[in-house]
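Q: I have a structure open and would like to talk it through before setting anything up. Could you take me through the fold and then the charged pairs?
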Amino acid sequence: MKIDSIKRHNLEVERTMKANVDYKRQEDYRKNVEKKSFDRIIAERIQRNIRLGLDKGRHIDVAI
């Protein structure tokens with residue numbers, strides 16, 4: 001019976017480790033998506049500022 005409890009414990013540990021790895025993978029993916037979204041927003045604002053800057057700098061978008 002002790003072997004069964006050891007196997008059960010090992011399975012539980014393995015399941016927990018797999019859940020942690022899955023969670024970490026999801027968090028890394030979420031951070032990557034957020035960073036790309038933020039980079040896209042910054043690039044759009046820079047492009048807009050350049051376009052507006054050609055308008056003699058009267059309408060610069062400085063809000064972030």
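Q: How many helices and strands are there in the chain?
A: This is a predicted model, and its chain has 1 helix and 0 strands. The helix, H1, covers residues 2-53.

Q: And what share of the residues is buried?
A: Of the 64 residues in the chain, 3% are buried.

Q: Switching to charges: how many salt bridges does the structure hold?
A: There are 6 salt bridges in the structure, and among them is one between aspartate 22 and lysine 18, where the closest N and O atoms are 3.8 Å apart.

Q: Why does 3.8 Å still count as a salt bridge there?
A: The pair of aspartate 22 and lysine 18 counts because the cut-off is a side-chain nitrogen of Lys or Arg within 4 Å of a carboxyl oxygen of Asp or Glu, and the 3.8 Å between their closest N and O atoms meets that condition. As background, side chains of opposite charge can pair when their charged atoms come close.

Q: Exposed or partly exposed, which label does each one get?
A: Aspartate 22 is partly exposed, its relative accessible area being 27%, whereas lysine 18 is exposed, with a value of 55%.

Q: Which residues are linked with Asp22 in a network?
A: Lys18 and Arg25 are linked with Asp22 in a network of salt bridges.

Q: Moving along, what does arginine 30 do?
A: The side chain of arginine 30 meets that of glutamate 27 in a salt bridge, at 2.7 Å from N to O. Both residues are in helix H1 and are 3 residues apart, again about one turn of the helix. As for accessibility, arginine 30 is partly exposed at 34%, and glutamate 27 is also partly exposed, at 21%.

Q: Last one, which residue does aspartate 39 pair with?
A: Aspartate 39 forms a salt bridge with lysine 35, their side chains meeting at 3.1 Å, N to O. These two residues likewise lie in helix H1, 4 residues apart, or about one turn of the helix, and aspartate 39 is partly exposed, with a relative accessibility of 38%.

Conventions. Residues numbered from 1 in each chain as written. Predicted model: local features only at pLDDT ≥ 70, side-chain atom pairs only at ≥ 80, totals over all residues. Heavy atoms only, no water. Buried < 20%, exposed > 50% of the residue type's maximum accessible area, 1.4 Å probe, protein only.
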